[in-house]
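Colleague: Could you walk me through this one? I'd like to learn how to read helix packing, sheets and the chain contact.

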Amino acid sequence: MRVKVLAFAGFREILGREREVEMQGDASIRELLEMFASCSPRFREAASEPFCALRDHVLLMVNRKRIDAEKDLYRILADGDELAIFPPLAGG
Amino acid sequence: MAPAVEITEEEISLEQMMQRARSSQAGAVVSFLGTVRNDGIEWMEVEAFRDLALSELEAIRQEAMSRFSLQAAEVAHRTGNLAVGEAIVAIVCSAAHREDAFSGCRYILEQLKSRAPLWKKEISAEGGRWVEGE
């Protein structure tokens, strides 16, 4: 299963703007984020509270729709999904 | 014809936006220009989730057009590296009467801040800091 990951602002500096990730079998959003955290201590520090809870300032979109970081974290991603990771918006 | 919403690495021309907003039906043209403030910074970096930001800005613009009976509305947001004093965002609204033009301009700005996927980083001699969202 391949998922496209887009990252912006501080998360782009850690993960890069865009990458394709290959996952074995079914994988949830949480598992994908845990994979990033295990590969990148900077990502772990930026995204996680102690005990692996996601920080409030981590916003997520799947296929351009905002998802609830608490309720939808165990949602299984589908092949071809696009996950976007970014901090709270700060334009203007 | 210039697009009504724009995300650009080029300098924004508020004068041209104002000119386009003028019409025989408009009794008021209101503009807002957000600029890079010198809080001890050297420059600012602005980043966008570009296609999503464009569609969100267009949705906000259309909401403002219908809520406040605007004659015209345009929004332009910069990306890239900006010097102190440069324009980050420009909004122009025209309407038959000033109340609607002011309200439309403010509505677009406030909605943009909470809905458009855009981020700013302030760079100073000490390093860079992403501006926290409101």
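Modeller: Start with axes: these are lines fitted to C-alpha atoms, for helices over the stretch in contact, and angles run from 0 to 180 degrees between N-to-C directions. Keep in mind that this is a predicted model, where local features need pLDDT of at least 70, side-chain atom pairs count only at pLDDT 80 or more, and totals for chains, interfaces and linings use all residues. Residues are numbered from 1 along each chain as its sequence is written, with chains lettered from A and ligands numbered from 1 in the order in which they are written.

Colleague: At what angle do H2(B) and H3(B) pack?

Modeller: Helices (H or I, at least four residues) and strands (E, at least two) are DSSP runs, numbered from the N terminus. Helix H2 (residues 50–67) of chain B packs on H3(B) at about 150°, and their axes are 9 Å apart. Angles under 35 degrees count as roughly parallel, over 145 as roughly antiparallel, 65 to 115 as roughly perpendicular and the rest as oblique, so H2(B) is roughly antiparallel to H3(B).

Colleague: Which residues in H2(B) and H3(B) meet?

Modeller: Among them are B:Leu57, B:Ile60 and B:Ala64 from H2(B), and B:Gly104, B:Ile108 and B:Leu112 from H3(B). Sort residues like this: Ala, Val, Leu, Ile, Met, Phe, Trp, Tyr, Cys and Pro are nonpolar, Asp, Glu, Lys and Arg charged, and the others, Gly among them, polar. The contact of H2(B) with H3(B) then has six nonpolar, two polar and four charged residues.

Colleague: In what order do the four strands of the open sheet come?

Modeller: Strands of a sheet pair through backbone hydrogen bonds, either parallel or antiparallel. Two strands count as paired if DSSP finds at least two bridges between them. In chain B the order is E1-E4-E6-E2, with mixed pairing. The edges are strand E1 (5–8) and strand E2 (28–35) of chain B, each pairing on one side only. Inside chain B, strand E4 (residues 70–78) pairs with E6(B) in the antiparallel sense over seven bridges, and B:His77 stands opposite B:Val89 in E6(B).

Colleague: How many residues of chain B are in contact with chain A?

Modeller: Contact means that C-beta atoms, placed from the backbone, lie within 7 Å. By that rule, 20 residues of chain B touch 12 residues of chain A. H3(B) gives the most to chain B's side, with four residues. That side has 12 nonpolar, four polar and four charged residues.

Colleague: What ipTM does the predictor give the complex?

Modeller: The ipTM is 0.91, and the pTM is 0.93.

Definitions and conventions: Two residues are in contact if their C-beta atoms, placed from the backbone, lie within 7 Å.
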